[in-house]
Amino acid sequence: MAPAVVGEQAAPVAQAHSGIDSSNKTLLKSEALYRYVLDTSVLPHEPDCMRELREVTDKLPWGFMQSSPDEAQLLRMLLKLTGARRTLEVGVFTGYSLLATALALPDDGSVVAVDVDRAAYEIGRPFIERAGVAGKVDFREGPALEHLDALLADGGNVGGFDFAFVDADKPNYVRYHEQLLRLVRVGGTIVYDNTLWAGTVALPPDTPLSDLDRRFSAAIKDLNVKLSADKRVEVCHLAIADGVTICRRLV
């Protein structure tokens, strides 16, 4: 399919997540059905501190990057079901999913949270503090690959984490996976966000996409193929939010 042309230049292609915020971040074809799920089973159980942070983040230019409320609910449920105590978060943004994690962890739980953008984290930090869970959060600024390597350099961290959530730069997901398989214990859980990338992973190869969407969609498709073939994990791929893949480490 050829892109539309204006004069001699191709018209810019909108990014796949244009117009997305926490109220409509879903791959469900029916917005009414998604609204029903949110209104019936998700939003009535969303803590006030999370709702307030979500609404603040929605107003930001890149607000679509935060997790949706139903995805955050899934994270909280997974953390509680698995009894996770020591966790990792790769990619924080303003901290909506981080706050969900901290709230779900037991009193002696902790989360090492890594992001290159401290300014975005500082937007959410007051909400984390008011929720009374700041003591569970260890925020580390900088490239995640370097911070994960630093954790691995301490032998006590190898297999020392129960759970990891990844919502960061998509081209590095495959590299994060190799690091996290050493950090998360056997039987532990690794969750990857955006693993359907607004549905672009299933589009024909000649579909017009923005440069960012083409790069990220290709990276996600590469990840999905590798996860499915990886005998070290058991995989569950869900069409919630922008696509969520849950991996349980087997060996």
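Predicted model: local features only at pLDDT ≥ 70, side-chain atom pairs only at ≥ 80, totals over all residues.
Let's start with strand S3, residues 86–90. Together with H4 and S4, S3 makes a right-handed β-α-β unit. S3 and S4 pair in the parallel sense, and 5 bridges link them. To find one spot on your screen, look for threonine 87, which stands opposite valine 111 in S4.

Now carry on along the chain. From S4 it crosses through H5 to S5, and this β-α-β crossover is right-handed too. S4 and S5 run parallel and are joined by 5 bridges. Here valine 114 has arginine 140 of S5 as its bridge partner.

So is S4 enclosed or open? Of its 6 residues, 5 are buried, so S4 is largely enclosed by the rest of the structure.

What about the nonpolar residues? In soluble globular proteins, nonpolar side chains tend to be buried together. In this model, the largest nonpolar core has 30 residues, and Leu98, Phe163 and Val191 are those with the most contacts inside it. Several elements give two or more residues to this core, including helix H3 (69–82), strand S6 (161–166) and strand S9 (244–249). Which helix gives the most? That's H4, with 6 residues.

Next, turn to helix H2, residues 48–58. Its buried residues are Cys49, Met50, Leu53, Arg54 and Thr57. Why do they sit on the same side of H2? Because they cover an arc of only 130° around the axis. As for what covers these buried residues, H3, H4 and H5 are among the elements that do.

Finally, have a look at proline 12, in the loop between strand S2 (9–10) and helix H1 (31–42). Is proline 12 buried or exposed? Its relative accessible area is 81%, and exposed means over 50%, so proline 12 is exposed. Along the chain, proline 12 and proline 47 are 35 residues apart, and their C-alpha atoms are separated by 40 Å.

Notes
Residues numbered from 1 in each chain as written. Heavy atoms only, no water. Core = buried A, V, L, I, M, F, W, Y, C linked by side-chain atoms within 4.5 Å. Buried < 20%, exposed > 50% of the residue type's maximum accessible area, 1.4 Å probe, protein only. Helix = DSSP H or I, 4+ residues; strand = E, 2+ residues; numbered from the N terminus. Arc of directions from axis to C-beta. Contact = heavy atoms within 4.5 Å. Pairing = 2+ DSSP bridges. Right-handed = clockwise from strand over helix to strand, strands pointing away.
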